[in-house]
Amino acid sequence: MTAQQEEREIGKARRRSEDARLITGRTQWTDNIQLAGMLHVAFLRSPHAHARITRVDTSAARGRPGVVAVFSGQDFAEEQGSLPCAWPVTEDILIPDHPPMAVSEVRYAGEPVACVVARDRYAAMDALEDIDVDYTPLPAVTDMEQALRQSSDVVHEELGTNQCYRMVVESGDVDAAFRDAPVTIERRFIQQRLIPTAMEPRAVVCRPDGDEFTMWSATQVPHILRLMLSAVTGVDEHRIRVIAPDVGGGFGSKLQVYGEEVLLLLLARRLGRPVKWTESRSEGNMTVHHGRDQIQRLTMAAEQDGKIRGFKVDLLSDMGAYLMLLTPGIATLGAGMFNSIYKMDAYSFTCTGVFTTKMSTDAYRGAGRPEATFGIERMMDELAAELNLDPLEVRRRNWIRHEEFPFTTITGMTYDSGNYEAATDKALALFEYDKLRAEQNDRRDRRDTVQLGLGVSTFTEMCGLAPSRALAQVRSAAGGWEHATVRVLGTGKVEVVTGTSPHGQGHATAWAQITADALGVPFEHVKVLAGDTLIAPRGWDTYGSRSLTIGGIAIHNACQKVVDKARKVAAHMLEAAEADLDYAGGSFSVRGVSGEGSSVSLAEVAGATLAAHDLPDGLEPSLDSDATFDPENFSFPHGTHLCAVEVDTETGFVKIRSYVAVDDIGSVVNPLIVEGQVHGGLAQGIAQALYEEAVYDADGNLTTSTMADYTVPSAADLPTFVTDRTETPATSNPLGVKGVGEAGTIASTPAVVNAVVDALRQFGVKDVQMPCTPERVWRALREAAGEAPQRPGTEPGAGGGLGSVQGGAAEGGDR
């Protein structure tokens, strides 16, 4: 490594500068905010999944000690508007009204029907007990397939149907691809509903100041929230200031405009006092938007050698009761990604959005890409089993080779760069794949009660959301650009103002590293400002792994403009032509000249610019520069993840033995932050595979509303990950970066489930529905053996193993 490379900030594993205050709690979360005269809000929520509201009596609650006001939905009916849906994916999509507080009908358990405003939080919560609501129950709609039948009850009577939209995308001759195909496989997979579980619950504070309002919210999207608050309430956008203080995680759940945010602004306006609301964890489980929830019907046609001819995707996607900000578009993000890294002749994608009486779904880490990757990677394993091929071999026969980049896929996406071979080879070496296969065969030969399974996931994802023109083509209301301002102070110190809004990603550190390299200034001389629409008035915020690939590039480009401005001043100071100046290490120097007076630092240029005593004619006294970056393409990180699991065939218990992740995210700004992002992503993807599921009963009640019922894995439940990288720089931006925030989540779920099925396939098991809990694994084994499943330990001869299942191992094949 050269001395110049050692001095570079990009690529340096710096500890995050923001962590000291975050991990000690010496910072400002929304719930910490205390304002003079502040009142507290609590919401009464419907116990019914579907019912008409016939009466709301708030009189008793108004008389409670400490209560200032009580309101029902009817009290806000004329001013609360309808919560926005910014992604109407088809022309004929049905978008029902979505009142922040229910007025005449509730459509999911947890929908707010009234609120109490009191002098403290506990008085507000206690007064909820005295609000008397009469409901006329209506039928719950909880099953997507049933909901689409003509005989089904409907969620929205005025729509007359539970079908929200139907989108069809086709490429190539699908009929020809499937006609007389030597191999055709069909599978039905379930993407269970998940609850984003951020460390910090949602919280909102709103303060009125005449006809202006300041809102603090635990949000990922302060700029979007301000715009939508104005659209819903009629308050002029420039009279609303939104601040996202330090936010304790989001994972997409805070990429939203929630009814509570709208209602707190309306309450502040009506009462003329600051108001505050913080959700409880069980309240959040019911009312934070949920993720995933798809039924996937997948069909693949292939040649006898494993080459894919065609692929059909037919999805049912649960919208929940209403369309929130991005609800209908999440599943359709998979339209361009179900094909993943594989070449094929034809492809079709059909997605049907379905209304149910459940909480709405929307973006959750990966948003449509994890669902697509799961589908195609499970199908690749199924194809390998059908042809008695190694799962890696069938992938090699179909993936895009490194020399073929840039490559336009069957869906029209252009992948700019990648090397799937290199990532896979490195992963195999770290995993010791052949050694584990040998151990697997040995355990099978010995009829071990604990079987070994190996799972593969070779993936790519579409991130860096997104080129604005691409968003226009899919009917998104928003653009995909990002904005940055770089300000050089008179002392040479630098302030970076970014439209990206952090919630745990390490922006303050990474953005300072980018700036330090671009300007040649010390890392410590850079301060990053974000998350406040008054300080950073322009931006599209943080989600979809866009912060670095779009926001980071905007910062880099603004820095280049600073250097260009400074060059003019430096040339004047050095009495040289601009073209004769070199800029390196934070100083301008006259090319070919050395000694005193031949160079000037950026700090000196900044001081001279501030003084403005002797600037070139017509040059304004400022080095500050703005840049707005709108990408021409998405970025496409990729990787290979390998998982080994041990499955106890007597109890169904699954233990991850080892996990290797080799990702290619292009150029790396901070490898320490990358490690953290990958580890966190793996935890969430593994959680879907083995632990997490939001469950509604037939009456539409969420039965997993507490942390005792909704299983989130702890560190003790997860293995030690082995992670590494290959590096194929992106060609779509000057830093060569691709994004990493969602990669671990996207890749890990199919790797784990493929491993579980691999361990059990010898017994005739072709799938285990997620999460692969011990009971589900045990039942899958029993059903494959033709036995009526009973709870472990209750059937005759319990404890004697799965003799009958294992006895049929040879008939189940060697995979």
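Visitor: Which residue follows α14, and what is its phi like?
Guide: Arg 447 follows α14, and its phi is positive, near 55°. Helices here are DSSP runs of H or I with at least four residues, strands are runs of E with at least two, and both are numbered from the N terminus.

Visitor: What am I looking at, and how are residues numbered?
Guide: This is a predicted model, where local features need pLDDT of at least 70, side-chain atom pairs count only at pLDDT 80 or more, and totals for chains, interfaces and linings use all residues. Residues are numbered from 1 along each chain as its sequence is written, and side-chain values use heavy atoms, with hydrogens and water left out.

Visitor: Back to α14. Which of its residues are buried?
Guide: Tyr 433, Leu 436, Arg 437, Gln 440, Arg 443 and Arg 444 are buried in α14. Buried means under 20% relative accessible area, exposed over 50%, and partly exposed in between, with a 1.4 Å probe and protein chains only.

Visitor: Why are they on the same side?
Guide: They cover an arc of only 120° around the axis, which puts them on the same side of α14. That arc is taken from the directions from the helix axis to the C-beta atoms. On the other side of α14, Asp 434, Lys 435 and Asp 445 are exposed.

Visitor: What covers the buried ones?
Guide: The cover includes α12 (391–396), α13 (420–431), β18 (450–460), β26 (638–648), β27 and α20 (743–760). Contact means heavy atoms within 4.5 Å.

Visitor: Arg 443, then. Which side chain does it make a polar contact with?
Guide: The side chain of Glu 439, at 2.9 Å. A polar contact is a pair of N or O atoms within 3.5 Å; within protein, one must be able to donate a hydrogen and the other to accept it, and residues adjacent in sequence count only if both atoms are side-chain atoms. Arg 443 has a relative accessible area of 10%.

Visitor: New topic: where is Asp 664?
Guide: Asp 664 is in strand β27, residues 654–664. Asp 664 is buried but has no salt bridge, and the nearest side chain of opposite charge, Lys 738, is 4.1 Å away. A salt bridge is a side-chain nitrogen of Lys or Arg within 4 Å of a carboxyl oxygen of Asp or Glu. For charge, Lys and Arg count as positive and Asp and Glu as negative, while His and the chain ends are not counted.

Visitor: Which side chains does Asp 664 make polar contacts with?
Guide: The side chain of Asp 664 makes one with that of Thr 726 at 3.1 Å, and one with that of Thr 728 at 2.6 Å.
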